[in-house]
Amino acid sequence: MSGVFSPTRAKIKERTLRTDKWWIQPAITFGVLLSFVIYATFRAFEGANYYKDHLISPFYSPCLSEACLPEATILGWTPVSAEIFNFALSPALIILIFPLGFRMTCYYYRKSYYRSFWMSPPACAVAEPHKKYTGETRFPLIIQNSHRYFFYAGLVLNVILTYDAVISFKNPEGEWGHMSVGSLVLLVSSTLLWFYSASCHSCRHTIGGRLKNFSRHPVRYKLWSWVSVLNHSHQQFAWYSLAGVAFADIYVRQVATGAWTNFYFF
Amino acid sequence: MARKINLRIWRGDATDGGLQDVQVEANEGEVVLDVIHRVQATQMGDLAVRWNCKAGKCGSCSMEINGKPRLACMTQVAAYGDETITVTPLRAFPVIKDLVADVSFNYKKAMEIPAFEPPKELVPGEARMQQIDVERSQEFRKCIECFLCQDVCHVVRDHEENKKSFAGPRFFIRIAELDMHPLDTLKNRKRTAQEEHGLGMCNITKCCTEVCPEHIKITDNAIIPMKERVADIKYDPVRWLGSKIRKREGIV
């Protein structure tokens, strides 16, 4: 008998005496994250329907495989073989480790999935079901300390996805100065990703949080203050940017399959 | 306007105990501590409850109300409507009697945290620093040591065995307060936070922040920044190399 049922503690047989619907939040998080994981897995392995008329899905950008459509690559650069050990490698699988790693090690998502998937704990003051707990002190969870490296990789991806959004301001003939619903979708998606990265706790630390004397670094202090403001909404940016990326991919896929027509404003 | 409310109070000690139902009068604007005192005065003369300021500043009346760690003096009865209000002692600590828990674990942990270490040459009264250098630490000074964060933290609440190696959120904000202080010179504060006080056990579920009556952003402003500082010295080879080349810890 451990935890709240330890011999010296008040003898209460319930795991929790909370009377509110504490399970709703983790249940919703579980449902949404699981849906995203299933959809992202399907798309990552699909290996098709990721490009149409200067619109490229964020799941497939940068497209680095020899299997990529030539127009979906960055200046034709395809350093990765289309097959590894006779296994046809979808271009998405090459790059998804970076956004996946960034979100898996994100301090906000950690809270979400520790609560909703691992139930450690499922909610505050609700006893967890595990007998032992070592937190993030051992492998594999000690890898969470690499969040800053995924943050740096995420910045590179943000630049590329912003480039994709800019490229989408072309019409199917390749002429600049045209805007479609797809351009808007990619622009919103990449902007949300910038907000998600800029509000990141590692960003806050790197930009000034590690300093002891702000007064000696007034510029970094100012930047830290701005990032701290964004950091208050990191949770919101995490969800909005996830939804933005998912919708951008769905939109490009629908356009690529011909199910939807990409409407041009001008 | 007075009305009758249903109250369930945990009564007992470390050997045995249980929840007892009582009906008690509650007046408009009263807090849970008021009705507990009325029960004590009219129905349970030997009911043990710890309290002091009744203003949310001493941290004495910490208990669990409908399963959530709260200050009884800051919890409005009206917030529960017609619902039965269940009050128990803090469930992360040994019970002494009724609503009083033994929180001495926290005082032992407090003694394990190395104290502030100013520069040796600094004469008392001569310390000078700018407001922007100390404002981060000042947030943590709002702590009233109610230990609700310690109570709700699942690392010790659900795992008694972790109490040996885990200081808890209250003391992580103490460590952060000192590590961020411009005049603190103790070198190994980050390393000991991880290796001796169990910072790595925290998995950022933010319950400590949710229950803090002083609204200190314990996780975002203390624990995560400390985890990042620990990553600087223990898990970031580039930073480690930089510190060796430039002979500094990156804390100027």
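In this predicted model, the stretch 176-196 of chain A is 76% helix and 0% strand, with its end C-alpha atoms 29 Å apart. Helices here are DSSP runs of H or I of at least four residues, strands are E runs of at least two, and both are numbered from the N terminus. The unreviewed UniProt entry annotates this stretch as "transmembrane region", along with residues 21-42, 84-109 and 149-170 of chain A; positions follow the numbering used here, feature names are shortened, and such annotations may be inferred rather than shown by experiment. Residues 84-109 of chain A come out at 62% helix and 12% strand, and the C-alpha atoms at the ends of that span sit 31 Å apart.

A word on conventions: residues count from 1 along each chain as its sequence is written, while chains are lettered from A and ligands numbered from 1 in the order written. Local features need pLDDT of at least 70 and side-chain atom pairs count only at pLDDT 80 or more, whereas totals for chains, interfaces and linings use all residues, and side-chain values use heavy atoms, with hydrogens and water left out.

As for the fold, chain A has nine helices and four strands, running α-β-β-β-β-α-α-α-α-α-α-α-α from the N terminus. The C-alpha trace of chain A spans about 75 × 50 × 40 Å along its principal axes. For the complex, the predictor gives an ipTM of 0.94 and a pTM of 0.94.

Now to the interface. Contact (heavy atoms within 4.5 Å) takes in 59 residues of chain A and 66 residues of chain B. The buried area, meaning the accessible area (1.4 Å probe) that two parts lose on being put together, summed over both, is about 5400 Å² between chain A and chain B, with carbon and sulfur atoms giving 49%. A:Arg9, A:Tyr133 and A:Lys212 supply 16% of what chain A buries against chain B, more than any other three residues.

Polar pairing also features. A polar contact is a pair of N or O atoms within 3.5 Å; within protein, one must be able to donate a hydrogen and the other to accept it, and residues adjacent in sequence count only if both atoms are side-chain atoms. Between chain A and chain B, 48 residue pairs are in polar contact, both at pLDDT 80 or more. On the side of chain A that touches chain B, helices α4 (107-116), α5 (147-167), α7 (201-209) and α8 (218-231) each supply at least two residues.

One joins A:Arg148 to B:Asp232, with the closest N and O atoms 2.5 Å apart. Within chain A, A:Arg253 pairs with A:Glu46, where the closest N and O atoms are 2.8 Å apart. That bridge links distant parts of the chain, from helix α9 (residues 234-257) to helix α1 (residues 24-46), the partners being 207 residues apart.

Most residues other than glycine have a negative phi, and most peptide bonds are trans. The A:Ser61 to A:Pro62 bond is cis, with omega near 0°, and A:Pro62 lies in the loop between β2 (55-56) and β3 (83-84) of chain A. A:Leu75, also in the loop between β2 and β3, has a positive phi of about 55° despite not being a glycine.

Notes. A salt bridge is a side-chain nitrogen of Lys or Arg within 4 Å of a carboxyl oxygen of Asp or Glu.
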